[in-house]
Amino acid sequence: MSYIYLYLLIVFLSLVISGMLIVYSKSLKRLKSQLLKKESEINKLENQFKEFSQQVDERVLLRTKELEEEVNERNQLDYKLKKALKKAEDANYLKNAFLSNMSHEIRTPLNGIIGFASLLETELSLLENEELYDYANGISQSGERLLHLLNNIIDISRIEANDMEISLKPCDISEIVKNAAELYVFKANEKGIKFNLQIVDIPFVIADSSSLAKIISDVIENAIKYTETGFVNISIGLNENEAYVRIKDTGIGIESAYLPNIFDAFRQESLGYSRAYQGAGLGLPLAKRLIELMRGHIAIDSIKGIGTTVTIFIPASIQKMPLKESIPVNISTPSEIIKRDVEVFIVEDDRMNRLVLKKMLENKFKLTLSVDGEETLKIISETYSEGKLFDIMLFDINLPVPWDGILLMKEIKSRWKEYNNIPFIAQTAYAMSGDKERLLEAGFDDYIPKPINQGHLISMINNQLKVVKDF
């Protein structure tokens, strides 16, 4: 009996094991099938990845090539731009050199023309020769007109080339307007025009004081020039954050059709051979461009036959006008020199200009003249060995090689230390924007541009002598 149970158990176990083996075998086959399927999918994915990688590599290579071509194109463009910029800089340098040289070459003979004309006016007025005095006065006015035109052409050329340097600082617009107006009182009285000036205390303005004075002066001059009867009124005021200068006249006025072209350079209302008033048509265009450089603007209202109003607007400063004390001013005349013999040393290589300076100053000072650097050093060496120093050094800047006025001044101060306390004045035909600052930075105590005004020069010498005396 026991054998039967044992046999049945063995059979049962065999069946169970066989069943398990069958199930395992099926599972194993299913797993193998799944593994094969996964391997197939993996292979497919690998193939897709290879294709994608190949496509990416191809695109990267293509894009890299495109970028390299772009970089090369940009490098070539950059090279061309740098080359063009270098040419523009060279052209700008040559233009500035040309303008500076032309200014110098024109101012030098103008100094002789205007200087001699002024001397002739003085002599002929003393001789009471009215006819010849008028001739000399005509020469002087023509020279001044040519000088004014030269300045305007140079200024407007530099503005168009973005080469005009202005210094924006707080300045007293009331004082600027007053000084500009005083220059034209006599001319207005001569024409019988009522000339009114209304000055009020307003804040400082942010502007270039010399450029602003030139603009106001030119507008006032135009107002008087084109007004035969009536008045010219000048006033200043404050409009929110802007100060304004208003010049109103009762002159010939401007045609309404011409007003849109009023600021075009070299454009005038009357053209051709029969113009009532002469001029190059640069005053207002230059004024507009200078005002805009100072962040202001200019407006013109005019009616033909009634008159014109020009209003100049300039940004106001937060700085208020200082209270001014009434101090008596002692204006010295050319004869009121410090009471001793003043020795003035003049270096000027141009014969005509040397003669002009001599005639201007010989009745006021003791003069020593030199034509170049070598002669100057020789004279100073000889006088220094005698224990003598000159009181004022008046140097031209453009001198025969190897010297110029700056090098000569520095050489003198280096050799003879006492001359570091002697005033050096630059008298030169280099009168473009920045020339004065350059010469003062180089060591000159003052600067006077050609053509030289006799009264201005004598006043400058007196001021320098006074500074030395006070020191």
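**Exercise 1. Determine whether Glu105 is buried, exposed or partly exposed.**

Solution. Glu105 has a relative accessibility of 48% and therefore counts as partly exposed. The cut-offs are these: buried means under 20% relative accessible area, exposed means over 50%, and partly exposed lies in between, with a 1.4 Å probe and protein chains only. Glu105 belongs to helix α1, residues 2-127. Its C-alpha is 7.6 Å from that of Ala429, although 324 residues separate Glu105 and Ala429 in sequence.

The model is predicted: local features need pLDDT of at least 70, side-chain atom pairs count only at pLDDT 80 or more, and totals for chains, interfaces and linings use all residues. Residues are numbered from 1 along each chain as its sequence is written, and side-chain values use heavy atoms, with hydrogens and water left out.

**Exercise 2. State how many helices and strands the protein has.**

Solution. The protein has 11 helices and 12 strands. Helices (H or I, at least four residues) and strands (E, at least two) are DSSP runs, numbered from the N terminus. Of its 471 residues, 35% count as buried.

**Exercise 3. Describe how α8 and α9 are oriented and which residues make their contact.**

Solution. Begin with the axes, which are lines fitted to C-alpha atoms, for helices over the stretch in contact, with angles running from 0 to 180 degrees between N-to-C directions. The axes of α8 (residues 373-385) and α9 (residues 405-415) come within 11 Å and cross at roughly 25°. The two helices are therefore roughly parallel to each other. Angles under 35 degrees count as roughly parallel, over 145 as roughly antiparallel, 65 to 115 as roughly perpendicular and the rest as oblique.

Next come the residues. Gly373, Thr376, Leu377 and Ile380 of α8 make the contact with Leu408, Glu411, Ile412 and Arg415 of α9, where contact means heavy atoms within 4.5 Å. By class, the contact has 4 nonpolar, 2 polar and 2 charged residues. Ala, Val, Leu, Ile, Met, Phe, Trp, Tyr, Cys and Pro count as nonpolar, Asp, Glu, Lys and Arg as charged, and the others, Gly among them, as polar.

**Exercise 4. Identify the buried residues of α10 and what covers them.**

Solution. In α10 (residues 435-442), the residues Asp435, Leu439 and Ala442 are buried. Seen down the axis of α10, the buried residues fall within an arc of 60°, so they line one face of the helix; the arc is that of the directions from the helix axis to the C-beta atoms. An α-helix has 3.6 residues a turn, so residues three or four places apart point the same way. The cover over the buried residues of α10 includes α9, β11 (424-428) and β12 (446-449).
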